[in-house]
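Let's take a walk through this structure together, with the sequence and the 3D view side by side.

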Amino acid sequence: MHVGNARYVKREDLPETIPVFPLTGALLLPGGQLPLNIFEPRYLAMFDRALAADRLIGIVQPSLLETGEPAEGPRPVLSTVGCIGRITSFAETGDGRYIASISGVCRFRLLDETGEGHPYRTFRIAPFLADLSAEDDESSVDRVELLRVFRAYLDANKLEADWESVERAGNRTLVNSLSMMSPFGPAEKQALLEAPDLKTRAETLIAITEIFLARGFSDTDTILQ
């Protein structure tokens with residue numbers, strides 16, 4: 001996996017522990033990019049440390065409660081699976097914030113929390129090393145069905161897309177990009193993250209989209225690019 005100026009090909013290329021950034025409803029997948037607006041002091045400190053070191057942080061959602069709502073509080077219970085991201089761009093705003101973009105490296109499973117005396121949380125992790133090879137069987141994705149459902153969603157919500165870019169995208173890029181930009185809730189985003197392979201993620205995305213379409217789901221007018 002080539003991300004920014006770094007390559008990650010084996011376990012030794014990744015840290016044993018990583019600072020984590022809990023974000024409800026956020027989905028980062030390997031090869032994808034996630035924009036972030038950093039303003040809380042503890043996460044500004046986390047970014048400062050990451051920028052001075054390996055530029056890696058973990059994006060993970062708070063765990064869902066029995067009510068379906070995400071856990072809250074300063075130290076919420078976290079979902080067990082997240083994604084490592086490398087900070088590939090950032091800018092200071094002048095008012096104390098960072099505007100950053102992180103690129104997905106590979107998914108990980110949280111092991112145990114480490115007490116390192118930081119204002120943010122750090123965990124030992126078990127990376128999904130198969131993500132580093134990017135050897136998903138792209139031919140196993142039903143591209144025709146995926147695009148059919150995507151077009152139906154756009155039509156139902158009076159949205160537009162850059163179809164020239166869509167047609168150029170490979171199946172891996174297409175599935176992961178559509179999963180990340182999807183307007184679904186935390187549970188659906190977590191299901192897409194935890195899908196064991198590209199084929200399953202595509203099938204999960206199709207199924208979730210069809211459920212939302214059947215419910216008459218609609219969103220505000222937007223142009224998807």
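**Charged pairs and nonpolar cores**

Arg 42 is partly exposed, with a relative accessible area of 25%. This is a predicted model, so please keep that in mind as you look around. The partner of Arg 42 is Glu 40: the two form a salt bridge whose closest N and O atoms are 3.0 Å apart. Glu 40 also counts as partly exposed, at 31% relative accessibility.

Now move along to Asp 112, which forms a salt bridge with Arg 124, with 2.6 Å between the closest N and O atoms. Asp 112 sits in strand β7 (residues 98-114) and Arg 124 in strand β8 (residues 121-127), so this pair ties together parts that are twelve residues apart in sequence. Asp 112 is partly exposed at 33% relative accessibility, and Arg 124 is partly exposed at 35%.

Next comes Arg 121, which pairs with Glu 113 in a salt bridge, the closest N and O atoms being 3.0 Å apart. Here Arg 121 counts as buried, at 11% relative accessibility, whereas Glu 113 is partly exposed at 31%. Across the whole structure, a search finds eleven salt bridges.

Let's turn to the nonpolar side chains. The largest nonpolar core has 48 residues, and Phe 21, Leu 36, Phe 47, Ile 57 and Ile 102 touch the most other members. Apart from this core lies another one of 18 residues, including Val 3, Phe 108, Leu 110 and Ile 125. Back at Ile 57, the residues touched, leaving aside those up to four places away in sequence, include Ile 18, Pro 19, Met 46, Cys 83 and Gly 85.

Methods. Residues are numbered from 1 along each chain as its sequence is written. This is a predicted model: local features need pLDDT of at least 70, side-chain atom pairs count only at pLDDT 80 or more; totals for chains, interfaces and linings use all residues. Side-chain values use heavy atoms; hydrogens and water are left out. A nonpolar core is a set of buried Ala, Val, Leu, Ile, Met, Phe, Trp, Tyr and Cys residues joined through side-chain atoms within 4.5 Å. Buried means under 20% relative accessible area, exposed over 50%, partly exposed in between (1.4 Å probe, protein chains only). Contact means heavy atoms within 4.5 Å. A salt bridge is a side-chain nitrogen of Lys or Arg within 4 Å of a carboxyl oxygen of Asp or Glu. Helices (H or I, at least four residues) and strands (E, at least two) are DSSP runs, numbered from the N terminus.
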